[in-house]
Amino acid sequence: MNLLVPLKMVPDLVEELTLNEAGTGLDRDALTYKLNEFDDQALEEALELKALHGGTVIVAGLDTPDIDQVFYTAIAKGADRAVKITGQFDPLVDSWTAAAAMAPVVASLEVDLVLAGVQAPDDLYGQLPVLLAGRLGWPHVSVVSGIELDPQARIARCHQEYSGGVMAAMETALPAVLGVQAARKTPRYAPISRIRQVMKEAKLEEVAAAPAADGGRPKVRRLFKPESQGHARMLEGDVTSQIEQLVGLLAERGLLKVRV
Amino acid sequence: MSEIEKERIREKESVVVEGITLTGQWNRMFEQRVVWDYDPTNLEKVVNLAGGESLGWCYQCGKCTGVCPVDHVGSYSPRKIFSKVRSGLDLFTDPDLWLCTTCGNCLRVCPKGVDMLQIMPAVREQVVASGAAPPELQQAFENTFRYGNPLGEPARKRADWTKEAGVPVPVVSQLKRPVDVVFYVECYWSYHLRGKQAAQAMARTLHRLGIDFAILGMEEKCVCDTQRAAGEKGLFELFTEQNIATLGKYQFTTLMTPDPHAFNAFKNEYPKYGATLPVVHYTQLLAPLVATLPFVRELPYRVTFHDPCYLGRQNGEYESPRQLLKAIPGLQVIEMLRCRENGYCCGGGGGGMWLGSFAAGHESERLSERRVKEAVSTGADVLAVCCPFEVSLFEDAVKTTGNSGKLIVRDIVELLDEACTPKTEVSIA
């Protein structure tokens with residue numbers, strides 16, 4: 001089994017986020033980057049599946065700032081190959097572009113299962129696994145945990161949790177793309193001595209991204225910090241007076257059907 | 001005469017030797033002793049490691065048990081560790097591995113040189129490499145690797161404390177000239193709220209003494225001596241290489257740090273990596289100059305001083321901190337029973353700083369709480385420290401032992417600064 005985990009860099013919130021002068025994005029100079037934590041979950045799940053079934057774990061990501069360090073760490077944890085997709089990418093590359101660049105590479109690597117982080121701070125709708133599966137023409141299940149593989153039958157089983165305490169058990173034929181919500185255990189620690197050894201010995205593979213047509217994805221017109229719409233108002237007076245004020249307010253705002 | 005066959009020994013009920021009748025009991029000295037029945041596997045796992053050898057030298061005299069700070073709050077001490085390992089405990093998987101603070105008091109009294117400062121890091125290194133260290137410790141390692149400090153604070157903010165110092169704090173890369181003293185601030189003085197206050201007091205003190213000093217600013221990274229003792233040797237080596245390269249860019253005559261752990265690494269570990277640095281602990285820099293400090297007021301405090309393990313026992317410096325305290329007008333120094341060579345441990349060393357929750361499950365109380373109670377019992381109203389780990393640990397312990405209002409914790413340099421500041425500008429409470 002070949003398992004592939006896409007890795008994506010996101011802003012490290014240890015630094016305060018500031019807006020650029022145009023007010024259309026983040027000030028890139030003030031950013032540092034770290035691995036999307038859902039991708040770390042997907043990597044851990046892939047390494048656990050490899051321990052159960054054998055095979056290889058490939059990590060792949062777009063050439064964005066600090067990603068080499070993330071590749072080395074992934075190899076130190078047990079990934080077998082790291083593939084860097086080179087090209088001119090925005091450090092905060094959008095999921096549409098990422099999926100377009102990644103799909104041909106995934107298709108060329110004889111991958112049986114893609115385990116992608118379910119979402120990212122700048123991709124809360126979890127578009128990457130969906131778009132990647134769409135481009136590959138593979139089945140896709142997202143927001144999953146409890147992944148089991150049946151390599152002989154070429155089937156992946158997984159759980160999808162719904163509201164109200166309901167859990168769906170699903171299965172899909174391979175190859176497939178799963179959007180991983182949580183690994184079966186906490187992502188493992190990579191000892192620094194091993195990371196250093198990997199940095200000296202391991203080779204990162206590089207593949208140039210194929211040019212992709214722009215799909216006309218949305219442009220950000222304005223990025224801004226949440227603006228306060230109103231403030232809590234404290235009601236004064238004794239309890240009876242407070243109740244009268246409250247009922248009066250609710251009626252005034254049209255929230256009461258019965259006229260007071 | 002009847003005989004008993006036991007193991008490989010034939011025991012007679014009695015035997016006559018040179019006309020004297022001996023009972024069969026004398027044979028028993030040739031029996032297999034119980035100690036031979038122990039499975040040596042777990043002990044061998046430790047003593048076969050480079051650094052782990054000396055655990056096998058323990059002959060169970062128990063001198064360490066009386067002085068081990070962890071034994072006072074649990075069942076520990078090197079003697080007990082040896083005994084447990086010999087009778088089956090696997091130190092590689094047992095919580096005992098993480099409780100030693102590498103305070104070194106056991107080694108001071110050990111007639112055999114059983115050295116926990118070597119044994120614990122050696123075993124921990126194996127366990128850290130296997131990914132099985134306690135998660136809170138791994139978090140501190142990851143923070144250090146990523147941000148250059150175990151607190152997980154941004155590297156960019158390392159010199160933010162200087163803004164409130166009230167005096168200029170030059171950064172050596174911007175001076176573009178040799179400097180007398182490089183002030184290696186270290187992480188807790190750079191980021192911890194109370195540490196930053198001590199760093200600011202230090203900057204003001206250096207100014208009052210007219211010392212030409214500078215910091216490394218954002219170039220400074222954790223020295224990682226405690227991460228080394230906690231088993232992350234790779235991290236220590238990585239940062240050692242980087243710090244040696246950084247320091248190598250600048251000309252200075254003295255490297256001064258407030259952190260006894262950093263001091264220990266610069267003095268005893270860095271030479272192994274090719275760097276011999278002119279390092280002093282800040283108390284050593286200030287002690288010969290303290291008479292020239294412009295004190296403006298008396299501090300009417302009864303002060304007791306906690307010897308940092310890595311300044312005192314590990315590096316033999318007991319006098320400089322005391323000289324500074326005794327130079328402060330109006331201040332009275334009271335010693336705790338356990339002081340100097342026999343000083344108790346704050347619990348922060350050897351990774352203890354990042355294992356608070358873990359250790360709490362295995363100890364009857366925190367080491368810092370024991371120490372605070374001892375400080376209170378002397379009648380002191382100030383517990384003076386000179387290690388960046390201690391202020392936060394002891395201030396927490398003052399609260400958790402219900403001693404708020406009875407004892408305050410101050411770094412020595414804060415007391416020096418206070419005595420040089422007119423009363424209207426500062427208040428100890």
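Two residues are in contact if their C-beta atoms, placed from the backbone, lie within 7 Å. By that criterion, 17 residues of chain B are in contact with 10 residues of chain A. The model is predicted: local features need pLDDT of at least 70 and side-chain atom pairs count only at pLDDT 80 or more, while totals for chains, interfaces and linings use all residues. Residues are numbered from 1 along each chain as its sequence is written, and chains are lettered from A and ligands numbered from 1 in the order in which they are written.

**Interface between the chains**

- On the side of chain B that touches chain A, α5 (116-129), α6 (135-147) and α11 each supply at least two residues; helices here are DSSP runs (H or I, at least four residues) and strands are likewise DSSP runs (E, at least two), numbered from the N terminus.
- The largest share of that side, five residues, comes from α6(B).
- By class, the side of chain B that touches chain A has 10 nonpolar, four polar and three charged residues. Here Ala, Val, Leu, Ile, Met, Phe, Trp, Tyr, Cys and Pro count as nonpolar, Asp, Glu, Lys and Arg as charged, and the others, Gly among them, as polar.
- Helix α5 (residues 192-201) of chain A and helix α11 (residues 233-248) of chain B have axes that come within 6 Å and cross at roughly 55°. That angle makes α5(A) oblique to α11(B), since angles under 35 degrees count as roughly parallel, over 145 as roughly antiparallel, 65 to 115 as roughly perpendicular and the rest as oblique.
- The residues making this helix contact are A:I192, A:S193 and A:R196 of α5(A), together with B:K233, B:G234, B:L235 and B:L238 of α11(B). Three of them are nonpolar, two polar and two charged.
- Axes are lines fitted to C-alpha atoms, for helices over the stretch in contact, and angles run from 0 to 180 degrees between N-to-C directions.

**Domains**

- Chain A is divided into domain 1 (2-208) and domain 2 (228-260), with bounds that come from an automatic or database domain assignment. The C-alpha centres of these two domains of chain A lie 50 Å apart.
- For chain B, the assignment gives domain 1 (3-32), domain 2 (37-129), domain 3 (137-288) and domain 4 (293-425). The C-alpha centres of domain 1 and domain 3 of chain B are separated by 69 Å.

**The sheet of chain A**

- Chain A has an open sheet of nine strands in the order β9-β8-β7-β10-β6-β1-β4-β5-β11, with mixed pairing; two strands pair if DSSP finds at least two bridges between them.
- At the edges stand β9 (167-173) and β11 (205-208) of chain A, each with a single partner strand, so one side of each is left without a neighbour in the sheet. From one strand to the next, the twist averages 35°.
- Strands β1 (residues 2-7) and β6 (residues 113-117) of chain A run parallel and are joined by two bridges. In this pair, A:L4 stands opposite A:V114 in β6(A).
- Strands β7 (residues 140-150) and β8 (residues 155-161) of chain A run antiparallel, with five bridges joining them. A:V144 stands opposite A:Q160 in β8(A).
- The hairpin of β7(A) and β8(A) has four residues between the strands, and A:R154 in this hairpin takes a positive phi near 50°.
- Seven bridges join β8(A) to β9(A), which run antiparallel. The bridge partner of A:Q160 in β9(A) is A:A168.
- β8(A) and β9(A) form a hairpin with five residues between them, and A:G164 in the turn has a positive phi of about 75°.

**Backbone exceptions**

- Most residues other than glycine have a negative phi, and most peptide bonds are trans.
- The peptide bond from A:L174 to A:P175 is cis, with omega near 0°; A:P175 is found in the loop between β9 and β10 (176-180) of chain A.
- B:T102, in the loop between α3 (77-86) and α4 (105-109) of chain B, has a positive phi near 50°. B:T102 is buried, with 27 other C-beta atoms within 10 Å; a residue is buried if 20 or more other C-beta atoms lie within 10 Å of its own, exposed if 12 or fewer, and partly exposed in between, with C-beta atoms placed from the backbone.
- B:C224 has a positive phi of about 70° although it is not a glycine, and is found in the loop between β6 (213-215) and α10 (225-229) of chain B. With 31 C-beta neighbours inside 10 Å, B:C224 is also buried.
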